[in-house]
Amino acid sequence: MAGLTLNHFLVLGLILFLLGGYCVLARRNAIGILLGIELILNAANINYVAFSFYGGQAAKYDGQVFAIFVIMLAAAEAVIGLAIVLAIYQNLRTIDVSATESLSG
Amino acid sequence: MGPLITFYALALLAIVSAAITAFSRNIVHSAFALFGALAGVAGIYVLLGADFLFIIQIFIYIGGILVVTIFAVMLTQGIADVNVSNRAVGVLPALVTAGVAGGVMFYAIIHSSWYHARPGSATPTTYWIGDAFLGPYVLPFEVASLVLLAALIGAIVISRQEVRE
């Protein structure tokens with residue numbers, strides 16, 4: 001693996017994280033926000049696997065195990081999030097997060 | 001030289017797709033561009049010697065989460081007016097926040113002296129991951145099944161149509 005270092009993967013994870021963060025901050029569509037969260041979780045997973053790959057023998061698979069847990073939680077989060085989005089859509093006929101303010105009094 | 005070229009190709013695929021996801025004004029384009037980002041990340045896993053994670057990423061993310069997401073897009077948007085379906089507000093504050101956070105993190109990445117072992121050759125990982133799940137990680141593994149069950153029931157309860165007599 002000549003030439004490839006840990007920093008390559010960390011910077012790639014950083015870029016994906018920032019794009020996901022921008023997506024979460026700027027979107028008004030609730031599904032768009034969920035897509036941004038998926039990007040953020042993928043960025044975190046890249047870091048986990050990269051650290052585990054470059055971390056030596058002691059913790060060789062721990063990072064991958066954590067990444068699997070993250071993927072599992074991402075699946076649960078996506079299912080619940082999309083169910084909530086569909087419930088909001090059934091009630092309000094919109095998924096614009098700035099229009100769903102019936103709790104704000 | 002080969003791994004470096006592969007890395008840059010996969011990184012380009014992931015970053016361009018993620019940028020389309022983040023900046024597209026059409027939610028359908030965003031959802032489909034996420035496919036490229038997830039596939040790029042899956043390739044990065046292969047580069048890092050994580051063969052099991054690669055297949056998990058393809059199965060669960062692309063085969064599961066992405067399909068569910070596209071289902072939700074189709075169910076909630078009138079396909080006719082998708083062109084204004086993904087408006088962005090507060091672009092400037094979001095860009096500033098992301099830029100500042102990115103600058104700080106980039107500085108931290110570049111100036112940290114990471115522990116950097118020479119990576120061994122990539123070997124099959126499934127045996128050791130299974131070993132870890134039934135060894136030191138058995139409790140989180142069991143709790144994970146509870147979380148998934150709760151998510152399953154919760155999704156059904158939240159999204160069902162109530163029938164009032």
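**Figure 1. Contacts and fold of chain A in the predicted model.** In chain A, 60% of the contacts with a separation of 6 or more are between residues 24 or more positions apart. The structure shown is a predicted model. Chain A holds three helices and zero strands, and from the N terminus on its elements follow the order α-α-α. The radius of gyration of chain A is 18 Å, well over the 13 Å that the globule rule gives for 105 residues, so chain A is more spread out than a compact globule. Taken along the principal axes, the box filled by the C-alpha atoms of chain A is roughly 55 × 25 × 20 Å.

Figure 2. Of the 105 residues in chain A, 57% are buried. The chain has an accessible surface of about 4000 Å², and carbon and sulfur atoms contribute 67% of that surface. Chain A carries 4 positive and 5 negative charges.

**Figure 3. A tilted aromatic pair between Tyr22(A) and Phe23(B).** Over all chains, the whole structure contains twelve aromatic pairs. In one of them, the ring centres of Tyr22(A) and Phe23(B) are 4.7 Å apart and the ring planes meet at 40°, so the pair is tilted. Tyr22(A) has a relative accessible area of 7% and is buried. Phe23(B), with a relative accessibility of 43%, counts as partly exposed.

**Figure 4. An edge-to-face pair between Phe69(A) and Phe133(B).** The rings of Phe69(A) and Phe133(B) form an edge-to-face aromatic pair, with 5.4 Å from centre to centre and 90° between the planes. Phe69(A) belongs to helix α3 of chain A (residues 62–92) and Phe133(B) to helix α5 of chain B (residues 126–134), so this pair also joins two chains. Phe69(A) and Phe133(B) are both buried. These two residues are part of one aromatic cluster, whose members are Tyr48(A), Phe66(A), Phe69(A), Phe133(B), Tyr137(B) and Phe141(B).

**Figure 5. Gly81(A) in helix α3 of chain A.** Helix α3 of chain A contains Gly81(A). The relative accessibility of Gly81(A) is 14%, and the residue counts as buried, because the cut-off for buried is under 20%. Phe69(A), shown in the previous view, is also in helix α3 of chain A. Gly81(A) and Phe69(A) are twelve residues apart in sequence. Their C-alpha atoms are 18 Å apart in space.

**Figure 6. Thr100(A) in the segment after helix α3.** Thr100(A) is located in the segment that comes after α3 of chain A. With a relative accessibility of 27%, Thr100(A) counts as partly exposed. Once neighbours within four places in sequence are left aside, the residues in contact with Thr100(A) are Ile88(A) and Leu92(A). Tyr89(A) is eleven residues from Thr100(A) along the chain, and the C-alpha atoms of Thr100(A) and Tyr89(A) are separated by 9.8 Å.

**Figure 7. Fold and dimensions of chain B.** Chain B has six helices and zero strands. Read from the N terminus on, the elements of chain B are α-α-α-α-α-α. The radius of gyration of chain B is 20 Å, whereas a compact globule of 165 residues would have a value near 15 Å. The C-alpha trace of chain B spans about 65 × 45 × 30 Å along its principal axes. In chain B, 63% of the contacts with a separation of 6 or more are between residues 24 or more positions apart.

Figure 8. Among the 165 residues in chain B, 36% are buried. The accessible surface of chain B is about 9700 Å², and 74% of this surface belongs to carbon and sulfur atoms. There are 5 positive and 6 negative side chains in chain B. The centres of these two sets lie 16 Å apart.

Technical notes:
Residues are numbered from 1 along each chain as its sequence is written. Chains are lettered from A and ligands numbered from 1 in the order in which they are written. This is a predicted model: local features need pLDDT of at least 70, side-chain atom pairs count only at pLDDT 80 or more; totals for chains, interfaces and linings use all residues. Side-chain values use heavy atoms; hydrogens and water are left out. Helices (H or I, at least four residues) and strands (E, at least two) are DSSP runs, numbered from the N terminus. The radius of gyration is taken over C-alpha atoms; the globule rule is 2.2 Å times the number of residues to the power 0.38. Buried means under 20% relative accessible area, exposed over 50%, partly exposed in between (1.4 Å probe, protein chains only). Contact means heavy atoms within 4.5 Å. Accessible areas come from the Shrake-Rupley method with a 1.4 Å probe; for residues, only the protein chains shown count as cover. Lys and Arg count as positive and Asp and Glu as negative; His and the chain ends are not counted. The place of a charge is taken as NZ of Lys, CZ of Arg, CG of Asp or CD of Glu. Rings of Phe, Tyr and Trp (its six-membered ring) pair if their centres lie within 6.5 Å; planes under 30 degrees apart count as stacked, over 60 as edge-to-face and the rest as tilted.
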